[in-house]
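Dear colleague,

I am handing over the structure that we spoke about, with the sequence and the model placed just below. After them you will find a description of what came out of the analysis, written for someone who has not looked at the structure before.

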Amino acid sequence: MCVVNNNKIILDLLEEEEEEDQLLFSYLLPNKRKSTNILFKNREFEGFFEILINRHLLENETKFREFFRINYEQFNFILSLVEFELTKEPSNRVKNPISAAEKLAITLRYMATGESFRSLFFGFRVSHSYISIIIKQTLTVLKSKLVPIFMPNPNTIDFKTKAAEFSCKWNFPNCILAIDGKHIRIRSPSNSGSLFHNYKDFFSIVLLAMVDANYKFIVVDIGSYGKEGDSGIFLKSIMGKQVLDGSFCFPEDSVLPGSDIL
């Protein structure tokens, strides 16, 4: 009887040891990845990029422009600039990574509509958390590529040509640029009080810009508080300081048409 009891004790001890070993291995072994949601698995066949864009919008230039706010040629031009930086090579973990074209499509759709990331998730079948990464990455690359093309250094601009365009198109002689501010609506940042609350009774940051006769941006100042006025922003901005101290590279003084007075 004593031997039986001893055997039972040994068995109980072995079972406890086995349970402890299993528990230890469960902590040491890496966690298993959760299975991929069926919504993501079918992205290549059911997402916006394949069903709506590739199958329908590419054949309808009007609808393509309504969807992205740019035409197909402009889309391809932008894609050619950013494709290399946005392309991710396949790997063992990601067999079919999201293409540069689809990343650009997601970003442009977000900029055109302001849709939430969760809304874009249901259309493009890409998780909202990864969409936030895609948009930040794409905008960073776009800025590095597009700013040098469309907003060159003002020191390299022929302002006499700009003045001729203003005179010919708008009948404003000796004018090289026009300046104005625009309130960009935002959600009020936490603990910001009334800093971003403007006279139009909504929250904003201010875009102060100088444009040429063809509405093209030449110099911009972005990010001032919504409560500030254009004149105050101009005085503290880099562009304003350069204009006031004479370092903005204005062309030489010239007479007005029909006058000999500078």
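Is the crossing of H7 and H8 right-handed or left-handed? Before coming to that, please keep in mind that this is a predicted model, and that the values below were computed from it.

As an overview, the secondary structure of the protein consists of twelve helices together with three strands. Of the 262 residues in the protein, 28% are buried. When contacts between residues at least 6 apart in sequence are taken, 52% of them join residues that are at least 24 apart.

To return to the opening question, the crossing of H7 and H8 is right-handed. Helix H7 covers residues 100-113, and it packs against H8 at an angle of about 135 degrees, the two axes being 11 Å apart. At that angle, H7 is therefore oblique to H8. On the side of H7 the contact involves Glu 102, Ala 105, Ile 106, Arg 109 and Tyr 110, which meet Phe 117, Leu 120 and Phe 124 of H8. Sorted by class, the contact of H7 with H8 contains six nonpolar residues and two charged ones, with no polar residue.

Helix H8 itself spans residues 117-124, and its buried residues include Leu 120, Phe 121, Gly 123 and Phe 124. Directly after H8 comes Arg 125, which has a positive phi, near 60 degrees.

H8 also packs against helix H9, which runs over residues 128-150, and here the angle is about 100 degrees, with the axes 8 Å apart. Because angles from 65 to 115 degrees count as roughly perpendicular, H8 and H9 are described as roughly perpendicular to each other. Phe 117, Arg 118, Leu 120 and Phe 121 of H8 make this contact with His 128, Ile 131, Ser 132 and Ile 135 of H9. The residues in the contact of H8 with H9 divide into five nonpolar, two polar and one charged.

Strand S2, made of residues 204-211, is joined to S3 by seven bridges, and the two run antiparallel. As an example of the pairing, Ala 209 has Val 220 in S3 as its bridge partner.

Finally, two loop residues deserve a look. Where does Asn 171 lie? Asn 171 is in the loop between helix H10 (159-170) and S1, and although it is not a glycine, its phi is positive, at about 60 degrees. With a relative accessible area of 63%, Asn 171 is exposed. Tyr 215 is found in the loop between S2 and S3, and its phi, near 65 degrees, is again a positive value in a residue other than glycine. Tyr 215 counts as exposed too, because its relative accessibility is 60% and the cut-off for exposed is over 50%.

Key
Residues numbered from 1 in each chain as written. Predicted model: local features only at pLDDT ≥ 70, side-chain atom pairs only at ≥ 80, totals over all residues. Heavy atoms only, no water. Pairing = 2+ DSSP bridges. Helix = DSSP H or I, 4+ residues; strand = E, 2+ residues; numbered from the N terminus. Buried < 20%, exposed > 50% of the residue type's maximum accessible area, 1.4 Å probe, protein only. Axes fitted to C-alpha atoms, helices over the stretch in contact; angles between N-to-C directions. Parallel < 35°, antiparallel > 145°, perpendicular 65-115°, else oblique. Left-handed = near helix turned anticlockwise from the far one by under 90°. Contact = heavy atoms within 4.5 Å. Nonpolar A, V, L, I, M, F, W, Y, C, P; charged D, E, K, R; others polar.
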